[in-house]
Amino acid sequence: MTRHFSIVTAALLAGAFPLQAQQAPAPQQETVTPEPVDDTAEQTTAPDQTSAGSGQADEGPGQADAGQDAAPRPQPQVGADWPFWGGDAQATRYSPLDQITPENVSQLEEVFTFHTGDLPEGTAEGKYSPEVTPLKIGDDLLMCSAMNILISVNAETGEENWRFDPGVPNEAIPYGATCRGVSAYTDPSAAEGDACATRVIQATLDAKLVAVDMETGKPCEDFGENGTVDLWQDIGERVPGWYAVTAPPAIVRGIIVTGAQVKDGQAEDAPSGVVRGYDAVTGELAWAWDLAAPEQNRNGPPEGEVYTRGTPNMWTTAVADEELGYVYLPLGNSSVDYYGSNRSEVENEYATSLVALDATTGEELWHFQTVRHDVWDYDLGSQATLLDYQGTAAVLLPSKQGDIYILDRETGEPLTPVGELTDLPKGEIEPDYISDTQPISEWHTLRKPALEEKDMWGFTPIDQLWCRIQYRRANYQGFFTPPSSDRPWIQYPGYNGGSDWGSVAVDTERGIIVANYNDVPNYNRLVPRDEVTSKAINRQTGEEKAGGGAEGAADPQEGSPYGISVNAGWRNTGTGVPCTRPPYGGIRAIDLETGETLWDRPLGTARRNGPFGIPSFLPFDIGTPNNGGSVVTASGLVFIAAATDNLFRAIDIETGETLWSTVLPAGGQANPITYEAGGRQYVMVTAMGHHFMETPVGDEVIAWALPED
């Protein structure tokens, strides 16, 4: 599309953030309620050694059983089913199904809509961002709601089989109520018909691992304590919302591997970013990987101590290689995102890295760092993808700054060219800390050219002038402009991508990567300590805890000299319109062999966007911010929602042309799936909205298929 607009057109198209829609009433559902678990004990010291999940002394729980299933097991296959969050065990998001084709996709019709019944109430208002992608195994769809209610639905009819509510309280919500999905595990030692022979496992916002029987939804009594393992074990002070899990765990060689989200920007003395492995049958701790004390804390910290505070965490989804027994962890940066001089050397070494661990022992095998001394919150948000690259078992890693790397799966060595940016600006805040150099992918990047003043935009000349003035007021020296305090600085791309948690899809037959991305800056300023008015989450009381704003909007960063102010998307404070011209997001096809772009187009129309949040209802592809990924099918279709226009699309993978679209009742910020049931291929996405993306909240799970003969 052209990048120039008349003033009249600009007035209609400007903005990428819609108003909230009215929520539908939740249907009444029968609920299974768990046995209560004692949450009252403050975990500043190690609990009793017999409790589930503790791992102390020479015969720590799980040591005898860890790796009991150490030999690689046959993996369930994608096709009729969608057995993993990423589709297959390799997280390619590719399906061999081909009943729905470019020629007949326009005939798709809605088969059913299922309502989870989970809508925000009370203090959860304005905090919902469910992002859920169901699994499909056998006849059932398996999913979690925003507040971690586990639900099983008939995959052909949409009728509910069962639900289990673990009772997550509103105060556990961090930035948003999010559960991206669940995992499933079949116990090889269980007999057919045994309870929990196949179990559904999720990690919750209040930091628990929960396992229930896939057939009945009843808790697995042999797992932890009545089906629950407390992930606060040995973390330290229990502060609801500071430590939460939003991603489905990886399961490899009989070990559940999970990290956690540690709420950004609160304080240097934050909960640990420790990643832990648990026996998938018993829930006992198999190992812990504390990057600052990997050997000392392998079986849990010594009595009376906790895992190392403030270290980089893995909030997103890991991927595992069952044959190698490796698990690949995309790490974030330290708990204070935008100031680094107080960080330890080990934090500097591992932050914003992909780390490979032996999933049976927790020992590190290698790590690959994408940003050195990260003070831009460029944490790795995407799940990595396993694939074969020119005859080598490889792992593909997308990043928030737009770079895509392909690494040797066993060694971490790059298989595609990696270059160095040199002579980078150092700034005045911490010039001795800012790295002189940064790695970049010379194979492919989603990153666009640096911003110029002429890129400033508005729906009237006055707005454009205001944005040009803001551009001139700010520090901006390109991609790695260091943080500043005397003036704001422009961060481009912002922390929302490049690639975020939706990750990429890979058509392994055609050799095509499909990557959707955001293309918006942030407008930031380090706030001197004497100007900071916010408090860290562990010191907040009452109404101070009520806010559900964006990350970095006013974070205190206690323990450092500065708080942080982030204008995510660099929006005009009067109109809500981004200061840079569209498109604000796109989708691209990349040749896997060469790294060349095959096509690139805006993703998202102006139909729900406009100044002051007023929808324009115009169908033009301006490219909106987007969250969520895509799925690719053997017939050559790319299915994706993600954008803020509330449309679900089918795109031709060869041309980038939209062949079909339908309007969703709420925001579609989730990864879709495709599966077979009753001889029909279904495509499905959840439409549940997103507070950060400002799309309407809902509770719908919607499936489409071709008309029956």
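Which residue in the turn of the hairpin formed by β34 and β35 has a positive phi? The residue is Gly636, with a phi of about 95°, and three residues lie between the two strands. The model is a predicted one, in which local features need pLDDT of at least 70 and side-chain atom pairs count only at pLDDT 80 or more, while totals for chains, interfaces and linings use all residues. Residues are numbered from 1 along each chain as its sequence is written, and side-chain values use heavy atoms, with hydrogens and water left out.

Strands here are DSSP runs (E, at least two residues), numbered from the N terminus, and two strands pair if DSSP finds at least two bridges between them.

Strand β34 (residues 630-633) runs antiparallel to β35, to which three bridges join it; here Val631 stands opposite Phe639. Within β35 (residues 637-640), Leu637 and Phe639 point one way and Val638 and Ile640 the other, and all are buried, buried meaning under 20% relative accessible area with a 1.4 Å probe, protein chains only. On to β36, the pairing of β35 is antiparallel over four bridges, with Asp652 as the bridge partner of Leu637. These two strands also form a hairpin, with six residues between them and a positive phi of about 70° at Ala642 in the turn. Strand β36 (residues 647-652) then pairs with β37 in the antiparallel sense over five bridges, and Arg649 has Ser661 as its bridge partner in β37.

Turning to the aromatic side chains, a search of the whole structure finds 20 aromatic pairs. Rings of Phe, Tyr and Trp (its six-membered ring) pair if their centres lie within 6.5 Å; planes under 30 degrees apart count as stacked, over 60 as edge-to-face and the rest as tilted. The pair of Tyr328 and Trp366 is tilted because the ring planes lie at 45°, with the centres 5.9 Å apart. This pair links distant parts of the chain, 38 residues apart: Tyr328 lies in strand β18 (residues 326-330) and Trp366 in strand β20 (residues 364-369). Both Tyr328 and Trp366 are buried. Tyr471 and Tyr476 form an edge-to-face pair, 6.2 Å centre to centre with 65° between the planes, and both are buried.

Methods. Buried means under 20% relative accessible area, exposed over 50%, partly exposed in between (1.4 Å probe, protein chains only).
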